[in-house]
Amino acid sequence: MKEPIHQDELNRILLKPRFKLRYSDPKEEIIEQFRVNLAEEKCPFPSKIVDHHIVIDVPAGTEHFWSPQLHVEVEEEGEVTIVKGILGPKPRIWT
């Protein structure tokens with residue numbers, strides 16, 4: 001290989017990994033499923049659900065100041081429900 005690779009997708013470093021999933025289920029059903037799964041006794045992750053935002057934290061016993069959190073947003077676009085997530089530092093890290 002004589003020439004360097006200049007494609008942004010290959011050279012990009014993701015500091016805050018993201019995902020985007022599409023579902024045919026209604027938004028309310030997806031949020032309710034999150035609510036049910038996160039409320040189970042065997043689920044070690046503390047979480048908050050406000051409207052269509054879901055925040056999932058690292059368990060208290062293993063948490064550090066720099067531990068990340070997962071922020072999930074559930075939106076409807078026509079007949080499709082979009083579940084977007086971003087894994088990154090807690091807001092207190094930046095302030």
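Colleague: Why does Lys42 count as exposed?

Modeller: Quick caveat before that: this is a predicted model, where local features need pLDDT of at least 70, side-chain atom pairs count only at pLDDT 80 or more, and totals for chains, interfaces and linings use all residues. Residues are numbered from 1 along each chain as its sequence is written, and side-chain values use heavy atoms, with hydrogens and water left out. Now, Lys42 has 71% relative accessibility. Buried means under 20% relative accessible area, exposed over 50%, and partly exposed in between (1.4 Å probe, protein chains only). So Lys42 is exposed.

Colleague: And what makes Lys42 and Glu40 a salt bridge?

Modeller: The term asks for a side-chain nitrogen of Lys or Arg within 4 Å of a carboxyl oxygen of Asp or Glu. The closest N and O atoms of Lys42 and Glu40 are 3.9 Å apart, and the pair forms a salt bridge. Glu40 itself is partly exposed, because its relative accessible area is 33%.

Colleague: How do you know that Lys90 is buried?

Modeller: Its relative accessibility is 8%, so Lys90 counts as buried.

Colleague: Which salt bridge does Lys90 form with Glu63, going by the closest N and O atoms?

Modeller: One with those atoms 2.1 Å apart. Lys90 lies in the loop between β5 and α3 and Glu63 in the loop between β3 and β4, so the pair ties together parts that are 27 residues apart in sequence. The strands and helices here are DSSP runs numbered from the N terminus (strands: E, at least two residues; helices: H or I, at least four). Lys90 also forms a salt bridge with Asp57, at 3.9 Å between the closest N and O atoms. Lys48, Asp57, Glu63 and Lys90 are linked in a network of salt bridges.

Colleague: What joins the side chains of Gln69 and Asp57?

Modeller: A polar contact of 2.8 Å. That term takes a pair of N or O atoms within 3.5 Å; within protein, one must be able to donate a hydrogen and the other to accept it, and residues adjacent in sequence count only if both atoms are side-chain atoms. Gln69 sits in strand β4 (residues 68-77).

Colleague: Is Gln69 buried or exposed?

Modeller: Buried, because its relative accessibility is 12%.

Colleague: Why is Asp51 called exposed?

Modeller: Its relative accessibility is 65%, so Asp51 counts as exposed. Asp51 is found in the loop between β2 (47-50) and β3 (53-57), and has a positive phi of about 55° although it is not a glycine.
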